Structure formats: C-alpha cells, structure tokens
2 protein chains.
Amino acid sequence: MFTRALLAVKSTALVCVILLSMTERTTGSIRARVRAEMLDEIKAAARKQLATDGASLSLRAVARDMGMASSAIYRYFPSRDDLLTALIIEAYDSLADAAEDSEAEVDRADLVGRWLAVAHGLRNWALDRPHEYALIYGSPVPGYAAPEDTIEPSTRPVLLIGTILTDAKTAGRLEEESLPTRTPAPLVMEIREAARVVNAAVGEAEMARALIAWTELFGAISFEIFGRLNNVIDQRFAWFDHQMRAMAGFVGLR
Amino acid sequence: MFTRALLAVKSTALVCVILLSMTERTTGSIRARVRAEMLDEIKAAARKQLATDGASLSLRAVARDMGMASSAIYRYFPSRDDLLTALIIEAYDSLADAAEDSEAEVDRADLVGRWLAVAHGLRNWALDRPHEYALIYGSPVPGYAAPEDTIEPSTRPVLLIGTILTDAKTAGRLEEESLPTRTPAPLVMEIREAARVVNAAVGEAEMARALIAWTELFGAISFEIFGRLNNVIDQRFAWFDHQMRAMAGFVGLR
DNA sequence: ACGAAACGAGAGCAGTGCTCTCTAATCGCA
DNA sequence: TGCGATTAGAGAGCACTGCTCTCGTTTCGT
C-alpha cells in the first residue's frame, strides 16, 4: 500500500525517494526495492483472496484488489501458474516454520513430545490456512504442473523427523526391529536413501515405520481438512492427538 | 451416440421409435429412456474429458465433444456443479465396486489377505483414474460445495473394513487391547458409533486402530497419486504393499 | 388431435488468463 | 546534467468459461 501511494504522488515524493535511496543504498535502486515490495504485495493479496474465495485464484481479482490493471500483474509474474508457484513455495516454508517453532518449545529429551509438537504444529497450520494446505497437499491445481522450484521447499517439513529419529536412536529411546525378509531389496535401498536425505541415522526398519507415521499424519490432516471426518468424528483434537500418540508407539518412540 | 443419430433422423425413425416403446414398455416413454441415455452419455464424455484434460472440467468442451450446443447440457444438468456431483457419486460407487471385487476373490478365512485385497483394489482404481480419485479424495473443487447426495455414497468404501473386522473378531484373529485411559470419553463414544455404522462388532480400541489404518491407507494413495513420492520411492507397489502389511499388523489382524 | 411439457440451438452477459500496443516514469552512464 | 535504454502501468482485444434467455421444434399425456 505504501508503494502504491508513493507512486501516485510521484513528483512531490521524488525528493523523499532519493533520500530513502541514499540511506538504504544496500538494498539497491528504488525501482528494485519497489519491485520487491510489489511482489510481496501481490502475493499477500493473492493469499488473502485464497483464504476468502477458496482455491480458485483469479489474477484479475488480485489486480482489482490492488487497484491496478490486470495486465500490470504480468510485469511481476509471467503467468498465473508462476504466482501459484510462489504461493506454494511460501506455503511450504511457512508450514515448516510452524512445525519447527512448535517442536522447538519442547524439552529435547522428550522425544514423544517433540513428535507430537511437530504433528500438532502441522495440523494447526493447516487448520489456520486450509486453502494453502490444499494447495500443497491436496490434488494438483487443474492446469498446473509443479515446477522444479517447488521440490526443494517441499522437503523442508519432513526434515524434522530426521533429527527426532536420530536423537531418539542415540538416546536409546527407539525400539529396534528388522524389516520382514520379504521386503524387496530395491525398496530397502530407497528407504535407506530417504533416511540419509533427512539426516536420520537409523536403520531401514525404523525409517520405514517413520515414513508410515508421516503418511498417517498427513492422511489424518487431509481427512480433517477435506471434510472426510464430517458426521463421523467431532472430537477433532482428541482424535488427532490419539492418532499421533498411537503412531509414536508404532514408530517405537519412547 | 446411438440416441444422437436417432434424433437426427427424427421423422423417418419415428415408426421404429414407436415399436421400441411398445416392446420396452416397462422402461417408460422413449423420451424418458433417451433422457437417461443422454445423462449417461454426458457423464461418460465428462469422465473422458476428466481423464485427458485433468480436473478442469469444461461444460462447453463436453457439449462440443457430443456435437451439441452448450446450452443444451443445461437441460440435463442444472449446473456444472451438478455434473460434478453426478461424477463424484459414480466415482464413489465405482471405487467401492473395485474394492469389493478385489476382496471377494480372497479366501474368507484369510483376513490379512482380504485387508490387502481391499487396499490394493483401492490403489489400483486410483492409479487407473487419478483424476477421479482427486475428485473424491483430493482438495475440494474450487467453487464446489459437496451436496448431501454425496454423503451416502462416500461411506460405501469404508464399509468393507467393518465386515473384515467382524469376521476377524469372531474368528479370534484380532488381537485385543484397550485404549489408553487418557482417551477422552466423548471420543470413545464417537469411535463406538463409527464401529456401529460400518457394522464392525469390535471394541473401540480395535475400531480406532482400524480407522488409523484406513487413514494411513488413503494417505499412502494420496501421496502416490499427488506426486509426493516422486524422487523418493520408485518401488511404488512394494512400498504400498509393505505399508499395508505393517498396518495389518498394527490393527492386530492375524 | 390438442395443449403442455421438454428439447436443442443461438445469442448474449460477465467473468477468466493472457497478449499486444502505447505512454510515462525511472534507470545507468557519459 | 541530460540522453538513450529499460521498465511500469493502462487499455483494448482474443479466445475461453459458466450460465441465462429466447425462439422454434418435437414429443408427451390425455
């Protein structure tokens, strides 16, 4: 909003702008700074529209909301999909932040508590912004193909269980077990690789159980957010908490 | 297609139509029959379009595909959402059929096998028609609110585990256990009610475990269909099978 | 055989993503 | 300081969407 008003009174504000550019030389030209602010402003407006009108994101509505022509948006985002991509990346980061913040508040030695904190952190974030959750963990947006840029941010949330697993293992708080012998060797290799990626210093059996718990976790959130619990479970918090404690036991956390 | 050609040569086919209506008096007037066929034809065209172009379903494209004006579609479906609703209901039924057929092929006494058959039946259906899966188990379609009509069909798939649980219980093939005492009473009541609805003659602890397995099952399918396994797990079948065997153990099936 | 109901086509409305052109503001650099 | 190059924004326009309304035609029940 500030940048918009600024642009509207261009000539009179020019001196002020020059002063600003002098005191903040590190941020580059004012054009670059205004551009960065515009990018944020557009994303914020889009996020707002996402929250109110649901998953149907209209570029024109965003432009209208900002009081500018729809064509001007294309100076900042080459297409609607690129705006979506930016929102998706931000959503992953925001989700990971929420989970990390929630987990950080728990005593390091309380491994079940840390798992529960991650789970509830993820769920609370999803409840707060269901449409953003749908954007990243729901069905892909109709004509939208997730580009490369979204792959890396999407891995952030799952990294958390890596450290929990490692800490549990080193503290001797993780029950050990071996995978059934019928588990195909290629799959075992992939599970080991997954453990390596999330920095989990555990065996394939423990990692497999953690991945299953992770799957159940997002299954539970999706069921709740997408309305699959309607008319079945009203005790949403209690049910989710029960599931997560059960999965902690399944993983072998003590 | 047959009905379209029939309508195109109306006058000459009139006698034929009368004859048909006489031999098939039980099905009602020919108009009613043609209408039913049209409904099916539109749904089929829509399903085809869903499979090729993804979740963005265009009424006009469906009409174009059928060689008729877009406005004519509104004689059969009052709105695009109503078409979607019809497709959703059919998808639930089709999915439930697939799971039932898959489960029916397994020896009644093999309870783990029956659970695995249901799971693989659901997964195979989802892999065959990912967009229809997304329609019913993904994020809700943008401007679409699922009407009452979809509630009942959506319960069909889950009914299957009810019979498996009951059979396992009566055969003494289901490990018993009690819920942790901290489980809130209202939640216990809801779980018992859920067991009643799916005809599962088991206690709340067994039902809770089954619901968790059910959640993991759909979490696993969603992860696979929505691309969350990309670059992580390539051994899709083996991984799913492993998960489902693990969940069978978690539920206590023997 | 006739009035009522249903059907299909076409035009039209408001909305969408996106492109192109044109003007004005701002930039880097001499 | 001024000038050519770059960038921002507006507006018109294209093809598309869901949906409504009207207008003939066809089929229905009686």
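The legends below describe close-up views of a predicted model. Local features are given only where pLDDT is at least 70 and side-chain atom pairs only at pLDDT 80 or more, while totals for chains, interfaces and linings use all residues. Residues are numbered from 1 along each chain as its sequence is written, chains are lettered from A in the order in which they are written, and side-chain values use heavy atoms, without hydrogens or water.

View 1. Sugar and phosphate make up 50% of the atoms of DNA strand D that come within 4 Å of the protein. A side-chain N or O atom of A:Arg75 lies 2.3 Å from a base oxygen of DNA strand D.

View 2. Side chains of opposite charge can pair when their charged atoms come close. A:Glu224 and A:Arg123 form a salt bridge (2.9 Å, N to O), defined as a side-chain nitrogen of Lys or Arg within 4 Å of a carboxyl oxygen of Asp or Glu. A:Glu224 belongs to helix H11 (residues 204-225) and A:Arg123 to helix H7 (residues 111-128), so the pair ties together parts that are 101 residues apart in sequence. Helices are DSSP runs (H or I) of at least four residues, numbered from the N terminus. A:Glu224 is buried, at 9% relative accessible area, and A:Arg123 is buried at 5%; buried means under 20%, exposed over 50% and partly exposed in between, with a 1.4 Å probe and protein chains only.

View 3. The side chains of A:Arg156 and A:Asp97 meet at 2.7 Å, N to O. A:Arg156 lies in helix H9 (residues 151-170) and A:Asp97 in helix H6 (residues 80-104), 59 residues apart. A:Asp97 is partly exposed, with 34% relative accessibility.

**View 4. A buried glutamate without a salt bridge.** B:Glu216, in helix H11 (residues 204-225) of chain B, is buried and has no salt bridge. B:Arg123, the nearest side chain of opposite charge, is 11 Å away; Lys and Arg count as positive and Asp and Glu as negative, with His and the chain ends not counted. Beyond its neighbours within four places in sequence, B:Glu216 has contacts (heavy atoms within 4.5 Å) that include A:Ile212, A:Glu216 and B:Met244.

Note on methods: Near = heavy atom within 4 Å. Polar contact = N/O pair within 3.5 Å; in protein donor to acceptor, adjacent residues only side chain to side chain. Helix = DSSP H or I, 4+ residues; strand = E, 2+ residues; numbered from the N terminus.
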